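Trainee: I have a structure open and want to go through its side-chain contacts with you.
Mentor: Good. Bring your questions.

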Amino acid sequence: ELLVDVMKKMNASLKEDGRIVVIDLTEPLRRPNLVRRILLRLERGCHVRTAEDYQRIFGETFEVERMAQHKYHVFPFPLYPAYHDMVTFVLRRGRG
């Protein structure tokens, strides 16, 4: 998989105490409302994963120092809040 190959190259480029911060959209935790579904169609990448999938992939190459899931509000409509589920990882250089 391309992501794993890229992660291995990034790991090899880091200093011994180096870290990488990764922030990315994740699969929605719950079924999105109409506004979110429309925005997701516009924003959807080809390889959107769950936070757990990212953690597994990153853990193959890096030491996962921290992981935090959060919501990024695109439009804070009172009845139909539009947000994306996101995840942030702090990755330390691994042995790979």
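**Charged pairs and aromatic rings**

Mentor: Start with Arg56, which is partly exposed at a relative accessible area of 48%. Keep in mind that this is a predicted model.

Trainee: Which residue forms a salt bridge with Arg56?
Mentor: Side chains of opposite charge can pair when their charged atoms come close. Here the closest N and O atoms are 3.6 Å apart, inside the 4 Å limit. The partner of Arg56 is Glu60.

Trainee: Is Glu60 buried or exposed?
Mentor: The cut-off for exposed is over 50% relative accessible area. Glu60 has 51% relative accessibility, so Glu60 counts as exposed.

Trainee: How many salt bridges are there in the model?
Mentor: The rule asks for a Lys or Arg side-chain nitrogen within 4 Å of an Asp or Glu carboxyl oxygen. The pair Glu60 and Arg56 is one of them. By this rule the count is 5.

Trainee: What is the distance between the closest N and O atoms of Glu65 and Arg19?
Mentor: Glu65 sits in strand E2, residues 63–75, and Arg19 in strand E1, residues 19–25, so their pairing ties together parts 46 residues apart in sequence. Both ends are partly exposed: Glu65 at 29% relative accessibility, Arg19 at 42%. The closest N and O atoms of this salt bridge are separated by 2.9 Å.

Trainee: Which strand holds the Arg92 that forms a salt bridge with Glu65?
Mentor: The closest N and O atoms of Arg92 and Glu65 are 3.5 Å apart. The pair links distant parts of the chain, 27 residues apart. Glu65 lies in strand E2, and Arg92 belongs to residues 82–92, strand E3.

Trainee: Which residues do salt bridges with shared partners join into one network?
Mentor: Glu65 has salt bridges with Arg19 and with Arg92. Arg92 is partly exposed, at a relative accessible area of 28%. Through shared partners, one network joins Arg19, Glu65, Arg66 and Arg92.

Trainee: Now the nonpolar surface. How much accessible area does the patch of Leu2, Val6 and Met10 have together?
Mentor: Met10 is found in helix H1, residues 2–13. Met10 counts as partly exposed, at 30% relative accessibility. Together with Leu2 and Val6, Met10 forms a nonpolar surface patch with an accessible area of about 260 Å².

Trainee: On to the rings. What is the angle between the planes of Tyr54 and Phe58?
Mentor: A search of the whole structure finds 2 aromatic pairs. Tyr54 and Phe58 form a stacked one, 5.7 Å centre to centre. They are 4 residues apart in helix H3, residues 51–59, so about one helical turn separates them. Stacked requires planes under 30 degrees apart, and the angle here is 25 degrees.

Trainee: Is Phe58 buried or exposed?
Mentor: Buried means under 20% relative accessible area. Phe58 has 2% relative accessibility, so Phe58 counts as buried.

Trainee: What kind of aromatic pair do Phe58 and Phe89 form?
Mentor: Their centres are 5.0 Å apart, and the planes are at 85 degrees. Phe58 lies in helix H3 and Phe89 in strand E3, so the pair ties together parts 31 residues apart in sequence. Planes over 60 degrees apart set the class. The pair is edge-to-face.

Trainee: Which residues form one aromatic cluster?
Mentor: Phe58 pairs with Tyr54 and with Phe89. Phe89 counts as buried, at 0% relative accessibility. The cluster is Tyr54, Phe58 and Phe89.

Definitions and conventions
Residues numbered from 1 in each chain as written. Predicted model: local features only at pLDDT ≥ 70, side-chain atom pairs only at ≥ 80, totals over all residues. Heavy atoms only, no water. Helix = DSSP H or I, 4+ residues; strand = E, 2+ residues; numbered from the N terminus. Buried < 20%, exposed > 50% of the residue type's maximum accessible area, 1.4 Å probe, protein only. Patch = residues over 30% accessible without salt bridge, like charges linked within 9 Å, V, L, I, M, F, W, Y side chains within 5 Å. Areas by Shrake-Rupley, 256 points an atom, 1.4 Å probe, with all protein chains shown as cover. Phe/Tyr/Trp six-rings, centres within 6.5 Å; stacked < 30°, edge-to-face > 60°.
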